[in-house]
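Reader: I'd like a close look at a single part of this model, please. Start with one residue and its surroundings, then walk me over to where the chains meet.

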Number of protein chains: 4
Amino acid sequence: MRSETQTVDQSRPSFIEQARRAQIIDCAIEAIAELGFAQASLAQIAKRAGVSTGVTLYYFSGKDELIRAVAAHVFRTGEAFIRPRVDAQEGPAGALATFISASVAFIAEKPALPRAMMNIMRAGVDQGGGPRFDPGITAARREGFESILAWGQREGVFRPFDVRVMAATIIEVLDFIPSRLALEPDLDLTAYAAELVELFRRATRADDPAKE
Amino acid sequence: MRSETQTVDQSRPSFIEQARRAQIIDCAIEAIAELGFAQASLAQIAKRAGVSTGVTLYYFSGKDELIRAVAAHVFRTGEAFIRPRVDAQEGPAGALATFISASVAFIAEKPALPRAMMNIMRAGVDQGGGPRFDPGITAARREGFESILAWGQREGVFRPFDVRVMAATIIEVLDFIPSRLALEPDLDLTAYAAELVELFRRATRADDPAKE
Amino acid sequence: MRSETQTVDQSRPSFIEQARRAQIIDCAIEAIAELGFAQASLAQIAKRAGVSTGVTLYYFSGKDELIRAVAAHVFRTGEAFIRPRVDAQEGPAGALATFISASVAFIAEKPALPRAMMNIMRAGVDQGGGPRFDPGITAARREGFESILAWGQREGVFRPFDVRVMAATIIEVLDFIPSRLALEPDLDLTAYAAELVELFRRATRADDPAKE
Amino acid sequence: MRSETQTVDQSRPSFIEQARRAQIIDCAIEAIAELGFAQASLAQIAKRAGVSTGVTLYYFSGKDELIRAVAAHVFRTGEAFIRPRVDAQEGPAGALATFISASVAFIAEKPALPRAMMNIMRAGVDQGGGPRFDPGITAARREGFESILAWGQREGVFRPFDVRVMAATIIEVLDFIPSRLALEPDLDLTAYAAELVELFRRATRADDPAKE
DNA sequence: TATGAATGAGTATTCATTCAT
DNA sequence: CATGAATGAATACTCATTCAT
């Protein structure tokens, strides 16, 4: 991951290396969330970290790698927050509701992270149209979430919708919230979450609710 | 409409002016849809139009005006496609379903337009997070759409959800489709539309379906 | 004077040509006085004249020629205003005082002209340091004025100062007034003129005032 | 002092930074004095310094800051040259004469500096006509000089002229010299200074020279 | 490890000028 | 005569990246 032109211990990252990387990633998140992707230059990020621009490129081979590291960090942090809560649910309906409400809770708790993530995903578009900084994150999220929906369908709790469409839809709706929140900082996220939970409960539930 | 520093805007735009503006707008749409907003420089756009950069700035006073012209063009085109179909519906449930399916049909017919629009809206945010190139478009769409939902609630056809959340959710889901389509060009949009229609039919309908 | 690549009657300027040139020169003066030399583009000037940029370059071979024509026009207009008044004086002391007060009166009457002239002279510097747009104007003014001073010295009315230094000094002091006026529009020019007249009366008069 | 988008301004500027800034300021003075303000582009200045354009913008946040730094440098240098000589004078008449002769001596010693200053002051006017790059310099000079004149009037050594007009006139006459010198490099500045000293001695002295 | 100096490619924009019509 | 379309060079400025120290 390190710059190939520099000579650094290749085997295991030192403590200081880990710390520096984490610090730079944090500042990058802050800068990207506040200024938007385009304005978040390496100089800006380094300045926030209180280091020189060169340091950033010592620990990351280029801006792309830094951004990818940011994306991965946000993903892992969100995963660590949301997954345990979802896994604690016994049924698919509860898992779905929890996925939604936990996602919103994560946004409420650390809004800079998903906001930075959104800015990255939206700005960074491959010339083919694919995301430039997405190390399989989108796919991983969607697949994980699709398994909940498939589970619900197998159990007869969910109606027979197209799992991929439903998963993509729900994820997109959640990903949209940080933008909304930026424009409307006073947004009542708890109420918002409740609306979404109800919306998708109705959108997914089987016609015969007996089993639920 | 021409750059004020170049020439006088006499009476009405000439044929060649209209043609050039349209051509440049088309190339801008193409470039923004393909490369993303940040990479779509004036040079890129002019190159696609086969003219020098200066020409672009002869017909548009600056990049901002060009982008706003693109946004307005996309909005008008979409409106002209979707609105008549929606207005032809007699009830709110039909109007909602038609809004969704007509939106998807528009995307299927001219995918570059909504894709460019999305890239503009997502990338072009001022530092407060508000849209820079949005001449009331987002608000106009949402309000127009909210009136359908409110109508359905008054008629008792829709359940009493939060109209603003539901409207924002549906619009965002539709806006997301162009990105998806860019990644999966073989996506079956007809089926996708049918899924969404059903999803939001269930999400919005009143518990007592007698009235529908 | 016309563009050499165009075919126009070379012998004598038509009425319309004279009118157009005069009109363009007037608008150029206006633009240069208002906006400063750097901001007074051909497009701006043409716009004020209500014609296309091309027209300007039809009547003047380039911007340089236009500017030179402006300078010449301002000089001729000033000359026509000031010279008769000065020539009406019988003695050198009166001529000097009149030169100063008439110059100030000219500035008061048509401030745009000397203001434009100043903007031109100050901005347009040859890379050798010489004025780019000065068709002998500065020299003509100074020489004409020097003759007044020399006259006064011959008559014994003026003391034996260096004529060139004195002439340059007085002219420069007068040329400076338009800038001052731009910053202080309420400047009392009559009082200003009186101060200058007295200043240079004392600076030039012979020690033995008997002869005056 | 460095560009804020590049690096953090830590404690005090390094030696190399000071040297580079000084070098760039020197080259800017040279370019502005030779080519005039409008032609002295950042590219030109950087070229003279033998560095890339970017370097200039690494040490100065923009052209404005560079120009202001140039103006300040010229002012400080001139002040350091002229003020001690003036302050050493005991009476207002001597102070006035010294101000004039020291100013000319400064021009003779470092002609590029006042010449660049003039080009900056004359060209760089905002649209109201006010100076863009003047960090109070003009005002400071005039007020400092006016105090000499007022002192002379209080002492009865100078006649009761309008102090502001006289101060502006003398300063303008001095500021005009560098332009003159550029056109006439062989100008005898010592004689020029003597002429001006005598000119303004006579213009300012009280009618009753008893007190002098 | 870390810095700061330096670069070069790229950005939007301005403007005098040319030329076909 | 006059227009408006088009160009190309120049301008200030940004930024990821390289590199000597």
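Author: Leaving aside residues up to four places away in sequence, A:I45 touches A:I24, A:C27, A:A28, A:A31, A:A40 and A:L66 (heavy atoms within 4.5 Å). This is a predicted model, in which local features need pLDDT of at least 70, side-chain atom pairs count only at pLDDT 80 or more, and totals for chains, interfaces and linings use all residues. Residues are numbered from 1 along each chain as written, chains are lettered from A and ligands numbered from 1 in written order, and side-chain values use heavy atoms, without hydrogens or water.

A:I45 sits in helix 2 of chain A, residues 42–49 (a DSSP run of H or I, at least four residues, numbered from the N terminus). A:I45 counts as buried because its relative accessibility is 0%, the cut-off being under 20% with a 1.4 Å probe, protein chains only. From A:I45 to A:V157 is 112 residues in sequence, and 48 Å in space between their C-alpha atoms.

Now to the partner chain: 33 residues of chain B are in contact with 35 of chain A. Of the area that chain B buries against chain A, B:E195, B:L199 and B:R202 supply 19%, more than any other three residues (accessible area, 1.4 Å probe, lost on being put together, summed over both parts). Six salt bridges are counted between chain B and chain A (a Lys or Arg side-chain nitrogen within 4 Å of an Asp or Glu carboxyl oxygen). Chain B's touching side draws two or more residues from each of helix 1 (15–35), helix 6 (112–123), helix 8 (163–183) and helix 9 (189–204). Helix 8 of chain B gives the largest share, eleven residues.

Note on methods: Buried area is the accessible area (1.4 Å probe) that two parts lose on being put together, summed over both. Buried means under 20% relative accessible area, exposed over 50%, partly exposed in between (1.4 Å probe, protein chains only).
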